[in-house]
Amino acid sequence: MDVTKSVLSPLIALLLTSACSLAQAEVDHRFSGFATLGVALNNSDELVFRNDVTQDNGAYKNSGYWMNDSRLGLQWQGRWSSQWETTVQLVAKDRFDNTLANSIEWAFVRYRPVDGLDLRLGRLGADAFMLSDYRQVGYTLPWARPPHDLYGITSLYHFDGFDLTKRFALGDALLNLKTFYGNSDEKYPTGFDNGQYTNFDFDLFGLSSTLEWNEWKLRYSYVAVEVKSDLTQNLRNVWAQFAPLWPGAGDLAGNLQTKNRDFRYHQLGLNYDNNDWWFQSEYVRISSDLILVTNAENAYASLGKRFGSLSLYGLVGYANPREPELNIAIPAGLPEPYATQLNYLALSTTTRLNGVRIKQHSYGIGARWDFTPKMALKFQVEKFSVDKAGPGLWFATNPTELVAQDQNPTVISLAWDVLF
């Protein structure tokens with residue numbers, strides 16, 4: 001089923017229905033926007049720093065790069081009645097698939113039949129992680145960017161589908177429960193500024209829960225992703241040719257299948273903020289049936305203190321695979337030239353598959369100055385330790401060479417955030 005088409009037709013129908021039925025009503029139009037002008041400096045000669053895996057360029061060799069974090073967002077919200085609303089949000093930023101269609105982050109109709117129950121249909125933000133709804137609005141974040149060790153890989157910004165939210169008042173606490181389903185696709189670059197990419201099409205289903213009580217917020221979410229793209233067909237065909245000679249080649253070809261296979265996110269987050277001190281931490285566990293998506297754990301924790309308009313904070317994070325590097329052992333004694341061909345194929349396959357692994361940790365400090373209402377300046381310094389077998393969030397500056405040893409880049413970030 002093409003979920004995108006199945007969503008767009010009802011969305012248009014809903015828009016027309018609400019517009020016609022409420023034609024006599026006065027619509028409340030609200031326009032808003034946000035922007036970030038940022039620059040990142042990375043001292044590594046071998047690794048290119050990216051905000052996330054949708055970008056194919058970035059900072060390296062002490063050169064300042066301003067496109068990683070800079071963005072402009074515009075939003076319109078139309079309130080037709082107490083029950084019906086329409087929202088459209090566009091975000092211009094650096095990403096590989098930098099088309100107008102992909103820049104539409106939100107375009108949905110919201111129906112609220114009773115207080116505390118919302119149904120939204122259209123293009124939505126996936127409520128998969130703690131910062132999902134506002135990760136692109138730099139002003140709402142205490143840091144220069146969402147923590148790299150976790151949000152560098154969580155590139156799910158929007159999907160086409162629906163979500164349903166129910167809110168419960170529990171004394172002084174508020175519980176939000178949400179379920180969502182839809183389809184998304186994204187082009188992921190495969191190398192540093194080389195114009196090549198992999199198209200990743202997938203369906204997703206998720207559940208999220210958020211409990212807010214005084215200064216505390218506790219959150220859990222679960223997201224299941226079913227891949228609809230055949231990302232490894234050519235590679236599988238090559239391996240299958242060697243199956244009559246070595247049965248293990250046929251087994252590997254089967255393991256390389258991606259279409260209709262799943263991976264899953266379990267997310268747990270905690271936030272505390274008393275307007276003086278604040279703390280936030282998030283943990284994500286990835287379980288995967290795909291050899292291209294590694295079973296892994298990603299997490300960060302951050303503690304900050306406000307001194308009037310100035311805030312100081314510390315940040316630590318890590319990303320760690322839960323399985324060893326792939327190693328394809330070719331049996332001895334195979335005839336030539338097949339033995340040489342298989343060894344070369346094994347090397348290129350392991351290089352490609354291990355290249356998506358992410359194994360790193362980081363620590364950093366930063367400051368935020370809210371020098372005027374709705375504007376903030378930020379300064380952040382981070383030290384990364386990137387394992388040579390896990391540089392998946394970074395690109396090698398020399399695409400013809402592997403990262404031969406562990407890297408320890410330092411990234412300095414400056415950002416100016418504004419709401420309007």
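## Serine 288

Serine 288 is buried, with a relative accessible area of 11%. In this predicted model, the residue belongs to strand β13, which spans residues 277-288.

The side chain of serine 288 comes to 2.8 Å from the backbone oxygen of valine 293. Leaving aside residues up to four places away in sequence, serine 288 touches Asp262, Phe263, Arg264, Val293 and Asn295. One of these contacts, Phe263, is also listed among the residues with the most contacts inside the largest nonpolar core.

## Nonpolar core

The largest nonpolar core has 64 residues. Those with the most contacts inside this core are Trp143, Leu204, Trp239, Phe263, Tyr265, Ile330 and Trp394. Helix α6, residues 338-354, gives the most to the core, with five residues.

Beyond residues up to four places away in sequence, tryptophan 143 touches Leu131, Trp278, Gln280, Tyr300, Ser302, Tyr313, Leu315, Lys378 and Gln380.

## Nonpolar surface patch

Phe168, Leu170, Leu177, Leu211, Trp213, Trp216, Leu218, Tyr220, Leu268 and Leu270 make a nonpolar surface patch of about 880 Å². Two or more residues of the patch come from each of β8 (159-170), β10 (197-213), β11 (216-227) and β12 (262-273). Strand β11 has the largest share, three residues.

Leucine 270, one of the patch residues, lies in strand β12. Leucine 270 is partly exposed, with a relative accessible area of 30%, whereas serine 288 is buried at 11%.

Methods:
Residues are numbered from 1 along each chain as its sequence is written. This is a predicted model: local features need pLDDT of at least 70, side-chain atom pairs count only at pLDDT 80 or more; totals for chains, interfaces and linings use all residues. Side-chain values use heavy atoms; hydrogens and water are left out. Patches are made of residues with over 30% relative accessible area and no salt bridge: like charges are joined within 9 Å, nonpolar side chains (Val, Leu, Ile, Met, Phe, Trp, Tyr) within 5 Å. Accessible areas come from the Shrake-Rupley method with a 1.4 Å probe; for residues, only the protein chains shown count as cover. A salt bridge is a side-chain nitrogen of Lys or Arg within 4 Å of a carboxyl oxygen of Asp or Glu. Helices (H or I, at least four residues) and strands (E, at least two) are DSSP runs, numbered from the N terminus. Buried means under 20% relative accessible area, exposed over 50%, partly exposed in between (1.4 Å probe, protein chains only). A polar contact is a pair of N or O atoms within 3.5 Å; within protein, one must be able to donate a hydrogen and the other to accept it, and residues adjacent in sequence count only if both atoms are side-chain atoms. Contact means heavy atoms within 4.5 Å. A nonpolar core is a set of buried Ala, Val, Leu, Ile, Met, Phe, Trp, Tyr and Cys residues joined through side-chain atoms within 4.5 Å.
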